[in-house]
Amino acid sequence: MSTVYGAALPDEVAETPITERMSVRRLLATYPRVAVASGLLLLLVLVTLFAPWIALHDPNATDPSNSLLSPSIPHPLGTDELGRDLFARVIWGSRVSLPIAFVAVAVGLLVGGSIGLAAGFRGKLTDLFLMRLIDAILAFPALILAIAIVAVLGPGLRNAMIAIGIVQVPVYARLMRAQVLTLKELDFVAAARALGASPTRLIVHHFLPNLLNPLIVQISLSAAAAMLAEATLSFLGLGAQPPTADWGFMMNTGARFLNNDPWLALGPGIAISLAVFGFNWLGDALRDALDPRLRG
Amino acid sequence: MLQYLVRRLALMVPVAFLVSLVVFSLVHLTPVDPATLILGEEHSPQAIAALRHELRLDRPLPEQYITWVTNALHGDLGRSVRTNQPVVQAITERLPATLELGIAALAWSILLAIPLGTIAALKRGSPIDVLATGFTVAGVSVPNFFIGILLILVLSVNFRLFPPGGYTSLADSIPDNLHRLVLPAITLGTVTTAINTRFTRSSMLEVLRQDYIRTARAKGASWRQVIVGHALKNALIPVVTVVGIQIGQILEGALVTETIFSWPGVGKLAIDSIFGRDYPIIQGIVLTLAFSFMLANLAVDLAYAWLNPRISYA
């Protein structure tokens, strides 16, 4: 058995790398799910970029005389226990979740990807040593490892970001290694090697272009996982700290006012769910679209 | 099979060593001295030095590690710096509540996912398939703390059907225990239900394409006989692997679910200990959970090999 995207595939299937390419335009036209999911994420990115113009109130401006107001036209999602506009805080919350997800995924991709590339390319002892290291990280349920790291480094967004990045490392290491091991055996790589291609040339010109499709899929799924992990850490009080407008932390506060003011938890909850749904959906749709083996 | 088991156990040794090293390092990675962190800077240097001595932090690192591992192998993970209770006792006291919650979550997840995934596969493209497929993506996208909050809002606050939290042990009252278990179990099991539905559906679709299904139908077997007697049995083999892997997700989810519903399990103990800076407890829980997860993965691999004799691990 071989592993692609973390799922077990029969050997004869895994031997064929995912190499098919198509233009972004054709991809969006042929696969409406990819287009819809991309649209949802584009909306999220636009909200993040234009947060100061979309949110009419300062997300951290307190107004105790207007605390816990129900949703109304001036305050579409109501106000929190300190009188802060909840809509503004939900909009600004995207400026915390999205960058953290991207940085965490970048850490996982760079560190994990390099480990996987080295293990797959060098093989033998390097592979054995690096993969045992990855096995040791995988021995921990991911969120528990992230929580343990934050517990040690101390609560806060920066430490949460480091912790989430570390737990992403094994995913990319295994994906990269599996792909490199498969590619290494293929004729075009053997031909390039026979023609005297250097290891750098092999990696840059032959491996990386062929790794792009599975990586794009994994990045989308990892971004969803990273956003969920960040929200969970913040919900537990281990990520964002007050007064940061963070979706997870806002839900933590909202949970205390469920009896009379449920909108405090609903707004940020729906925001996290939509963002994570967008990334998961895009990853799923891209997997179907870019992997010729999965097309119906 | 025995050879495979021995090989797997041998492979676990270096991983177990690295895991123990990571857990041991947790205390030593703190940016400030762990004893100062535990007691707070307002304590006298003498008190901090005494705690350093008690926790053996004044010994060389290799010596500390060897002592810690030796003690751990003898079932001694130290004492809580807050309550002075032995760590093993603190964990074992709370383990039954976590196990009960985890088993209930997995049980409802399997009971719902297998029929739902099977029906979705049998009625591919129908509205129920679209709903089931939508649920599989939505189920993994909605954070479980949001699901918990929604359940509390609707079923506890609005309809007053279930209590919003708390725990009664099985020994005290079985009906009350089960009544309080419903919401946390649904919260914890939703993600795994979504994943299991997805795997059952895709696995069932794969099996239904096989020749032996067509042969069984051609020989006059009813759809019911074909589905229950042939297809489902084979379709569930990969699902077993997935369910096993979900033990990790259940352990992760327990931390959040137990916190929301004030369920006095290991997860809640972990979170309380983080805020109480009770490092021996945190170390003990992380070590226990990591080894439970490793053993669960081993059990899954063995179950998979046993269920599917076509797979050779030679």
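The model is predicted: local features need pLDDT of at least 70, side-chain atom pairs count only at pLDDT 80 or more, and totals for chains, interfaces and linings use all residues. Residues are numbered from 1 along each chain as its sequence is written, while chains are lettered from A and ligands numbered from 1 in the order in which they are written.

**Figure 1. Chain A contains 12 helices and two strands.** Helices (H or I, at least four residues) and strands (E, at least two) are DSSP runs, numbered from the N terminus. Starting at the N terminus, the order of elements is β-β-α-α-α-α-α-α-α-α-α-α-α-α. Along the principal axes, the C-alpha atoms of chain A occupy a box of roughly 75 × 45 × 30 Å. Of the 296 residues in chain A, 49% are buried; a residue is buried if 20 or more other C-beta atoms lie within 10 Å of its own, exposed if 12 or fewer, and partly exposed in between, with C-beta atoms placed from the backbone. Two residues are in contact if their C-beta atoms, placed from the backbone, lie within 7 Å. Among the contacts in chain A with a separation of 6 or more, 68% are between residues 24 or more positions apart.

**Figure 2. Ala146(A) and Met227(A) touch the most other members of the largest nonpolar core.** A nonpolar core is a set of buried Ala, Val, Leu, Ile, Met, Phe, Trp, Tyr and Cys residues joined through C-beta atoms within 7 Å. The largest such core has 169 residues, and helix 5 of chain A gives the most to this core, with 17 residues. Apart from residues up to four places away in sequence, Met227(A) touches Ser97(A), Ala101(A), Ile272(A), Ala275(A), Val276(A) and Phe279(A). In soluble globular proteins, nonpolar side chains tend to be buried together.

**Figure 3. Helix 5 (residues 86-122) and helix 6 (residues 124-138) of chain A pack at an angle of about 145°.** The axes of these helices are 7 Å apart; axes are lines fitted to C-alpha atoms, for helices over the stretch in contact, and angles run from 0 to 180 degrees between N-to-C directions. From helix 5 of chain A, the contact takes Ile115(A), Ala118(A), Ala119(A) and Arg122(A). Helix 6 of chain A contributes Lys124(A), Thr126(A), Asp127(A), Leu130(A), Met131(A) and Ile134(A). By class, this contact has six nonpolar, one polar and three charged residues. Ala, Val, Leu, Ile, Met, Phe, Trp, Tyr, Cys and Pro count as nonpolar, Asp, Glu, Lys and Arg as charged, and the others, Gly among them, as polar.

Figure 4. Most residues other than glycine have a negative phi, and most peptide bonds are trans. Lys124(A) is exposed, because 8 other C-beta atoms lie within 10 Å. Pro243(A) is placed in the loop between helix 10 (199-235) and helix 11 (247-254) of chain A.

**Figure 5. Tyr279(B) is a buried residue of helix 12 of chain B.** Tyr279(B) counts as buried because 24 other C-beta atoms lie within 10 Å. Setting aside neighbours within four places in sequence, Tyr279(B) is in contact with Val27(B), Pro34(B), Ile38(B) and Val81(B). Tyr279(B) and Val81(B) are 198 residues apart along the chain, while their C-alpha atoms are separated by 7.7 Å.

**Figure 6. The contact between the chains takes 35 residues from chain B and 37 residues from chain A.** On the side of chain B that touches chain A, the elements that give two or more residues include helix 1 (2-28), helix 10 (223-260) and helix 12 (279-307) of chain B. The residues on this side of chain B comprise 30 nonpolar, four polar and one charged.

**Figure 7. Arg160(B) has a positive phi, near 50°, although this residue is not glycine.** Arg160(B) lies in the loop between helix 7 and helix 8 (174-208) of chain B. Arg160(B) counts as exposed because there are 9 C-beta neighbours inside 10 Å.
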